Amino acid sequence: MSEAASARRSRRRQMSKDERRAEIIRVAADLFEKLGYARASMDDIAAAVGIGKPTLYHYFRSKSELLWYMHEELIDGLIESHGARVEQGLEPAELLRGVIHDFLRNIATRRGQCRVFFENHRELPDADLAVATEKRARYEAMVQDVVRDGIAAGTFRKVDAKLFSLAIFGMSNWAYQWYHSDGELTQDEIADAFWDYAYRGLMP
């Protein structure tokens, strides 16, 4: 065994179960980004992580369970991040700006995970898909409520809240197709530009 492989194995022995799960999710997400969710197998994931297949099954019973954990981690993070800003009492404009920044931050740091979140969530088992669909709808409703609050306060002009929210989601989410960390603009610069375009469209 090489010195590097020995060091990796030693590091894994010191990891908690949650840390090991997080490592598997991270490596699997990178693999899904390279090969695609459909093509990547549990054998591929085990090899990429550097563990045996039985060990992988100890943490995740199937590829669909991995997809479920990836989806939950992202949608729960979006809901919690937005909820925290609401608790701070931020104005509607800053709340929407935060939504866009959340999307770009995830795309910059979890590109593969974002890809399966957008492209493969419908491949979840029916029971999991029902939960995922409800959470996505809840998050979308939260963002629509912000638009309606801004309209009611006179901060935003009157627009279709659902349509405007979908425009924000489409503009921000599609960045996973083209964003690169070594590009001309940082994730925050892109998010601020997107917010500028959106906000100008909302100005009374």
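In which handedness of crossing does α6 pass α9? In this predicted model, where local features need pLDDT of at least 70, side-chain atom pairs count only at pLDDT 80 or more, and totals for chains, interfaces and linings use all residues, α6 passes α9 in a right-handed crossing, a crossing being right-handed if the near helix is turned clockwise from the far one by less than a right angle, and left-handed if anticlockwise. Residues are numbered from 1 along each chain as its sequence is written, and side-chain values use heavy atoms, with hydrogens and water left out.

Helices here are DSSP runs of H or I of at least four residues, numbered from the N terminus. Helix α6 (residues 92–109) packs with helix α9 (residues 161–173) at an angle of about 30°, their axes lying 9 Å apart; such axes are lines fitted to C-alpha atoms over the stretch in contact, and angles run from 0 to 180 degrees between N-to-C directions. The two helices α6 and α9 are therefore roughly parallel, a term for angles under 35 degrees, whereas angles over 145 degrees count as roughly antiparallel. In contact (heavy atoms within 4.5 Å) are L96, V99, I100, F103, L104 and I107 of α6 with F164, I168, F169, S172 and N173 of α9. By class, this contact has 9 nonpolar, 2 polar and no charged residues, where Ala, Val, Leu, Ile, Met, Phe, Trp, Tyr, Cys and Pro count as nonpolar, Asp, Glu, Lys and Arg as charged, and the others, Gly among them, as polar.

The crossing of α9 past α10 is right-handed.

Residue H82 has its place in helix α5 (residues 63–87) and, at 2% relative accessibility, counts as buried. Leaving aside residues up to four places away in sequence, H82 touches L95, V99, D102, Y139, M142 and V146.

In α2, the buried residues include R20, R21 and E23 as well as I24 and I25. Just after α2, G36 takes a positive phi of about 95°.

How values were computed
Parallel < 35°, antiparallel > 145°, perpendicular 65-115°, else oblique. Buried < 20%, exposed > 50% of the residue type's maximum accessible area, 1.4 Å probe, protein only.
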